[in-house]
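Hi everyone, thanks for coming.

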Amino acid sequence: MSTVAKMQSGKDYTRELVEKDKAHHVHPWQLFDVFNDEGALPIVRGEGCRIWDADGNEYFDAVGGLWCNNIGLGSKEMAEAIAEQVLKLSYASPFVDLTNAPAAELAEKLAELAPGDLNHVIYTCGGSTANDAAFRLMHFYNNVRGKHDKKHVISRVNSYHGSTYVAMSIGGKPGDKVPEFDYIADTIHHITEPNYYRKAKPGQSENEFVDMLVKQFEDKIVELGGADYVMAYFAEPVMGAGGVIVAPDGYNRRMWEVCQKYDILYVSDEVVTAFGRLGHWFASKDEFGIQPDIIISAKGITSGYQPLGAAIVSDRIWNVVSEEGHGRYFPQGYTYSGHPVACAAALKNIEIMERNKLFDNVNEVGPYFMEQLQTLTDLPIVGQVRGKGFMVCVEFVKNSETRELFDEELDIGKRIANEAEARGLIVRPIVHLNVMSPPLTMTKDDVDFVVGALRESINAALVTLEKEGHWAG
Ligand SMILES: Cc1ncc(COP(=O)(O)O)c(C=O)c1O
């Protein structure tokens, strides 16, 4: 029986799916106990910004999958491009002396779209592996330059860079640093994130806050021994999973200038921010005026139609490691690096974004989205609404004046997300936050639905909190 037919057969099929999933599917980040009780919601169909569960309920997916459904779901054109590539060449080895047409075409296109001298593409299977590859490449680069001690990495608290051993060690989300796991701690260091709402001192202006963070960065570099010891700084232009943290003006540029001063490579992790989420192919230069040494991309590069990641590397690095006459090579790559079907999907995705002028939509609807979300700040538990482009978040607080948070056990973000789900809206709960990163095709009418549903959901959660004695009004 087809999935659609089974869906029509109703709840038995849903129960069957949930039970199979519970018995055998390991879900990233889900609490084992909760999963054993509740299982997961099976999604069986998607079109544009909308998804349907196995019982046929419709939702507006304001999360865009996982920040990745940039062109929207179910594109026939993408399906045809993918099918055509499968029939033509479904796989080719990227190792040593073989390549394939989509991989070569896409590498040229990425070099054209990426700023400055970022001309060399290391393909991977996603963002984590692209960060991993960048990390290893920078070791290679410094070893080739005879700078064997230049291996320290600095990133920020609450950053997210993926979930390989290296990427998770670079990331700084406290909730990801569980005691049962080990992390690289001797060469990876975390400094304060540019969260003005939470981290600025009382009375501190945005400029003073930026001065403080830049100083902290420079102090950390000096503490680690200076230019001879610090290899790289990893940063998302707008921090995503750590809570959509948009730094005050000038911050990204000033951190980049510090990197220039100390010969530190700037790795701009644009896994979320690239491919239109902020209205550009890449946000580093166009939005923040910085020229990274490496840009990390994934997610929106194929709009999630195929798994693909890329570390886009500068001539400056590449010319050193690949210098003629040394017999070196890059012992890093995957069976699926430069996968022809994934690369064909990325090429078609880029074509669709260009032709449909999706960035214009982000630039037009983005400010309306933010303006409408800001209306939620009249609700007593909405502490802050923040974001940029199609990357936004609502932070919930127990007291909007003191910014005191609810107890974590109350899981306020999840409570409101559950209320939203019951109203046909998917938002992503992260502790005290609801995060949204909708497809770039979202319209102003969609915004009205999202904000209306969110308002109702927050109010409904307030009623329950009050009944439970966690909220006194
Ligand atoms: C900024 C950033 N970097 C890296 C990653 C990891 O990418 P992936 O899950 O494709 O490995 C993510 C995923 O959310 C991300 O947000």
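I'll talk about aromatic rings, then charges over rings, and then a pair of helices.

One thing to keep in mind is that this is a predicted model. So, how many aromatic pairs does the count come to? It comes to 13. Take Phe-275 and Phe-282: their ring centres are 5.4 Å apart and the planes meet at 70°, over the 60 degrees needed, so we call this pair edge-to-face. Both Phe-275 and Phe-282 are buried.

Another edge-to-face pair is Trp-281 with Phe-359, at 4.7 Å centre to centre and with 75° between the planes. This one links distant parts of the chain, 78 residues apart. Trp-281 sits in the loop between strand E8 and helix H12, while Phe-359 belongs to helix H15. Again, Trp-281 and Phe-359 are both buried. If you follow the ring pairs, Phe-275, Trp-281, Phe-282 and Phe-359 come together as a cluster.

Now for the charges. Arg-45 lies over the face of Trp-52, 4.0 Å from the ring centre. Over at Tyr-183, the ring has the charged end of Lys-177 above its face, 5.3 Å from the centre.

Finally, the helices. H5, residues 76–88, packs against H14, residues 340–355, with the axes 9 Å apart and at an angle of about 150°. That angle is over 145, so H5 and H14 are roughly antiparallel. The crossing of H5 past H14 is right-handed. Among the residues making the contact are Met-78, Ala-81 and Ile-82 of H5, and Val-341, Ala-344 and Ile-352 of H14.

Note on methods: Residues numbered from 1 in each chain as written. Predicted model: local features only at pLDDT ≥ 70, side-chain atom pairs only at ≥ 80, totals over all residues. Heavy atoms only, no water. Phe/Tyr/Trp six-rings, centres within 6.5 Å; stacked < 30°, edge-to-face > 60°. Buried < 20%, exposed > 50% of the residue type's maximum accessible area, 1.4 Å probe, protein only. Helix = DSSP H or I, 4+ residues; strand = E, 2+ residues; numbered from the N terminus. Lys NZ or Arg CZ within 6 Å of the ring centre and 35° of its normal. Axes fitted to C-alpha atoms, helices over the stretch in contact; angles between N-to-C directions. Parallel < 35°, antiparallel > 145°, perpendicular 65-115°, else oblique. Left-handed = near helix turned anticlockwise from the far one by under 90°. Contact = heavy atoms within 4.5 Å.
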